[in-house]
Amino acid sequence: MTRVTASEPDDAADAVGEWFLIATFDPTDLVVIAKGDDPSVTPPNDGYQKVDRMRFHRDIRRNLIVKPVLQSVADKKRVEADLNYRGRDMKSIIEPIVSGTGHVHAAWVWVGSADELVLGHVPTGAWEWRLTGDAFVAIYGPGIPGIYGRPEWAVGAEYPVHETVDNAVVVQQSETAKFLEEQREGSRHRLRLAIRKPVKDNVDNLVAVQAATQIVRRDGHLMWLGVTWDVTQFDRPEQIAEYAAFSVLMKNVEGWVATVLWDEVWPAPIQIVRWFNHKFPDQFWVDPETKRFRVHPEERGLIRRWTNTLDRAGDAGRLEGVLRIWGVDGTWHEVAVDVARIRGVVPSAAVVRITDSHAV
């Protein structure tokens, strides 16, 4: 506990107490990534506001925020601090967000009067992806399984990324892919996601979350560190354009669903960036080099024509068609394809559902 008497005036000290989520990826550069009154609102400066830009007087920042946060990071424990400021007793509460490897990625910090009632903050968890090696590996902290509705995920266990991400819909997936491809140490990236928790009683449990991330080098590995928090009560998943298209195609329908991106300037103009429910339809043959399906020769170019149609249709694009795809059983499989354009993203993107497959 720290008690300091400050003499400089500061109107901010009269404000009602509130929570702040502070990222601690780099303890020498603490940044505010969310506020408790509405954690769906992104702070200025691309979502990472420096702590020294907070409205509090420097004595409050130093003794109720910075010092106890650094202590919480070091001890990995809840910390409380108090301060007598201009004759007013103030306090702070620091709750660390610990990753699956025991590192503190962020801390919720409550600052207010010593006699105020402190309410809770939204569910929050830390995670990391190891970017070196043959495949990305995900490691989750204590809060993540609850947010994702996946109690079977073991804290601290290593999972191939493709086994754990399929129930998340990421807005601006192409930006995330580009960010990870560059893998610049110290670079930061914000995410906005909709989570489809496992269905219970035939009712979808939809959760909206945000995440702040940073790439760091740790123990010889390049790591993508993140902290994720639940903003469902502030930003309903149905408001997220990509999820709107995704949910239209997923609702009570058999089959496989993927998010697809296309851009004329890319080396691979059409890319499947995510499968939902299944990693990919395993009865279809996939080229081990290009990761593409083999489409019947009579239908080559059909997918490109569809993308052109969707581009001309703008945000309202939706179409249906039939394709023949080569199967691992050595036969052609006829599949129904339903495509819904994702609104407001660059490059162009759509959600694709494949259903009713049978050999022909």
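Two strands pair if DSSP finds at least two bridges between them. Strands (E, at least two residues) and helices (H or I, at least four) are DSSP runs, numbered from the N terminus. The model is predicted: local features need pLDDT of at least 70, side-chain atom pairs count only at pLDDT 80 or more, and totals for chains, interfaces and linings use all residues. Residues are numbered from 1 along each chain as its sequence is written, and side-chain values use heavy atoms, with hydrogens and water left out.

**Exercise 1. Strand 14**

Task: State which residue stands opposite tryptophan 129 in strand 14, and explain why strand 14 is described as largely enclosed.

Solution.
Step 1. Strand 8 (residues 124-130) pairs with strand 14 in the antiparallel sense, over seven bridges.
Step 2. The residue opposite tryptophan 129 is tryptophan 224 in strand 14.
Step 3. Burial is read from relative accessible area: buried means under 20%, exposed over 50%, and partly exposed in between (1.4 Å probe, protein chains only).
Step 4. Strand 14 is largely enclosed by the rest of the structure because nine of its 10 residues are buried.

**Exercise 2. Strand 3 and its partners**

Task: Find which strands are joined to strand 3 by bridges, and name the bridge partner of leucine 21 in strand 3.

Solution.
Step 1. Strand 3 spans residues 31-35, and four of its five residues are buried.
Step 2. Strand 2 (residues 18-23) runs antiparallel to strand 3, and four bridges join them.
Step 3. Leucine 21 has alanine 34 as its bridge partner in strand 3.
Step 4. Strand 4 (residues 49-50) is also antiparallel to strand 3, with two bridges between them.
Step 5. Opposite valine 31 stands lysine 50 in strand 4.

**Exercise 3. Glutamine 214**

Task: Decide whether glutamine 214 is buried or exposed, and list what glutamine 214 is in contact with.

Solution.
Step 1. Glutamine 214 belongs to strand 13 (residues 203-218).
Step 2. Its relative accessible area is 7%, so glutamine 214 is buried.
Step 3. Contact means heavy atoms within 4.5 Å. With neighbours within four places in sequence left aside, glutamine 214 is in contact with Phe25, Asp26, Gly186, Ser187, Arg188, Met223, Trp224 and Leu225.
Step 4. A polar contact is a pair of N or O atoms within 3.5 Å; within protein, one must be able to donate a hydrogen and the other to accept it, and residues adjacent in sequence count only if both atoms are side-chain atoms. The side chains of glutamine 214 and arginine 188 are joined by one of 2.8 Å.

**Exercise 4. Salt bridges**

Task: Describe the salt bridges of arginine 55 with glutamate 18, glutamate 95 with arginine 78, and arginine 192 with aspartate 235.

Solution.
Step 1. A salt bridge is a side-chain nitrogen of Lys or Arg within 4 Å of a carboxyl oxygen of Asp or Glu. Side chains of opposite charge can pair when their charged atoms come close.
Step 2. Arginine 55 and glutamate 18 meet through their side chains at 2.5 Å, N to O. The pair links distant parts of the chain, 37 residues apart: arginine 55 is in the loop between strand 4 and helix 2 (58-75), and glutamate 18 is in strand 2. Arginine 55 counts as partly exposed at 37% relative accessibility, whereas glutamate 18 counts as buried at 14%. Glu18, Lys35 and Arg55 are linked in a network of salt bridges.
Step 3. In the salt bridge of glutamate 95 with arginine 78, the closest N and O atoms are 2.9 Å apart. Glutamate 95 lies in strand 6 (residues 88-98) and arginine 78 in the loop between helix 2 and strand 5 (79-85), 17 residues apart. Glutamate 95 is partly exposed at 23%, and arginine 78 is partly exposed at 45%.
Step 4. Arginine 192 and aspartate 235 form a salt bridge of 3.0 Å, N to O. Arginine 192 is partly exposed, with a relative accessible area of 30%, whereas aspartate 235 is buried at 7%.
Step 5. A search of the whole structure finds 15 salt bridges.

**Exercise 5. Whole-protein totals**

Task: State how many helices and strands the protein has, and what the pLDDT averages.

Solution.
Step 1. The protein has six helices and 19 strands.
Step 2. Of its 360 residues, 51% count as buried.
Step 3. pLDDT is the predictor's confidence in each residue, from 0 to 100. The protein averages 81, and 76% of the residues score at least 70. Over residues 1-9 the pLDDT is below 50.
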